[in-house]
Amino acid sequence: MFVNSHPLNEWITPEIQDRNERILKRPPVLDIQKLHKSFEHKGKPVEVLREIDFTAYKREFICVVGPSGCGKSTLARLVAGLETIDDGQILMDGAAVNAPGPDRGMVFQSYSLFPWMTVKDNVMFGMVESGMSKLTAESEALQWIDLVGLEKFADSYPHQLSGGMKQRVAIIRALANQPKVLLMDEPFAALDPKNRLKMQQYLLEIWQNIDITIFFITHDLDEAIYLADRILVLDAHPGRVKEVVNVPLPRPREEETFLSPAFMATKAYLESLVHHEDEEVEDMEDKLKMVRMVSVNSEVPDIF
């Protein structure tokens, strides 16, 4: 339910409210409970995340935003199992996350493709490693490649691709292993605005057609509003949940969405939440970047 006094309520139509309420009735997939994390810096402990509580639901698109130093990337790595938790817990379908696993796929800003492998071989890699026959893996890889419009480049090598094309390959390589949650940490930050929008549109198209929950880290508020069902806003020093914002925009979303009054009102509200912090504090996350590529179920319930 929505608080009547919330400044974005005027943009939430009955249809949008109904959709938001239906999302919260889906099975929880990712449950973060009272999460704490610190790192040592110059011989002293630095608290990065404090008392993080958040639940993401089946086939939900979550974006995480916040000022520098709020622990966005650290949170993604903790969910991926790439960092250890100091206190609290992370549950995937009720099971504690203690290490990386095939139920979580990871895509970061760096494409992390194997340069000596073709596009097809990169996409096949995880499936073959998990025991799938090469023939079956090749057939599935070609379907993924076709889905993102790269069928003419199946036998090309990464150095022959543009940045946007490389990122499409990185995404489908993660998805080919059929994860329940796709974790994405600033995946489009290095792209120019035109290609960034194309990649956002590709991602929405993929998400609309497969059974996946997306947990997407970004510093770009426009990107977060365009993509997300809900936006997790973190405070900084240490990172804490400041607010979870329901995006008051219908789906599907088009380029015109960026010009709508509801979009602009949402951006103004997010700016009021995010940009009150001093962003000159050193961001510990940048020292700890790591990449993990792991694995889409056949069930695709209606997301609209």
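Predicted model: local features only at pLDDT ≥ 70, side-chain atom pairs only at ≥ 80, totals over all residues.

Author: Let's start with how packing is described: axes are lines fitted to C-alpha atoms, for helices over the stretch in contact, and angles run from 0 to 180 degrees between N-to-C directions. Helices (H or I, at least four residues) and strands (E, at least two) are DSSP runs, numbered from the N terminus. Residues are numbered from 1 along each chain as its sequence is written, and side-chain values use heavy atoms, with hydrogens and water left out.

Now look at helix H3 (residues 119-129) and helix H4 (residues 134-147): their axes are 8 Å apart and they pack at an angle of about 125°. That makes H3 oblique to H4. The cut-offs go like this: under 35 degrees is roughly parallel, over 145 roughly antiparallel, 65 to 115 roughly perpendicular, and the rest oblique. The H3 and H4 crossing is right-handed; a crossing gets that name if the near helix is turned clockwise from the far one by less than a right angle, and left-handed if anticlockwise.

Who touches whom? On the H3 side, the contact (heavy atoms within 4.5 Å) is made by Val119, Lys120, Val123, Met124, Met127 and Val128. On the H4 side you'll find Lys134, Ala137, Glu138, Glu140, Ala141, Leu142, Trp144 and Ile145. Sorted by class, the contact of H3 with H4 has 10 nonpolar, no polar and four charged residues. Here Ala, Val, Leu, Ile, Met, Phe, Trp, Tyr, Cys and Pro count as nonpolar, Asp, Glu, Lys and Arg as charged, and the others, Gly among them, as polar.

H3 has another partner, helix H5 (residues 163-175): these two pack at an angle of about 25°, with axes 7 Å apart. That makes H3 roughly parallel to H5. The crossing of H3 and H5 is right-handed. H3 brings Val119, Asn122 and Val123 to this contact, and H5 brings Val169, Ile172 and Arg173. By class, those residues come to four nonpolar, one polar and one charged.

Follow the chain on from H5 and you get to Gln178, in the loop between H5 and strand E7 (181-185). Gln178 has a positive phi of about 60° although it is not a glycine. At 40% relative accessibility, Gln178 counts as partly exposed; buried means under 20% relative accessible area, exposed over 50%, and partly exposed in between (1.4 Å probe, protein chains only).

Among the buried ones are Lys72 and Arg77. Just after H2, Gly81 takes a positive phi of about 85°. Met106, which lies in strand E6 (residues 104-108), is 29 residues from Arg77 in sequence, and their C-alpha atoms are 8.9 Å apart in space. Met106 counts as buried too, at 0% relative accessibility.

To step back, the protein chain has eight helices and 10 strands, and 53% of its 304 residues count as buried.
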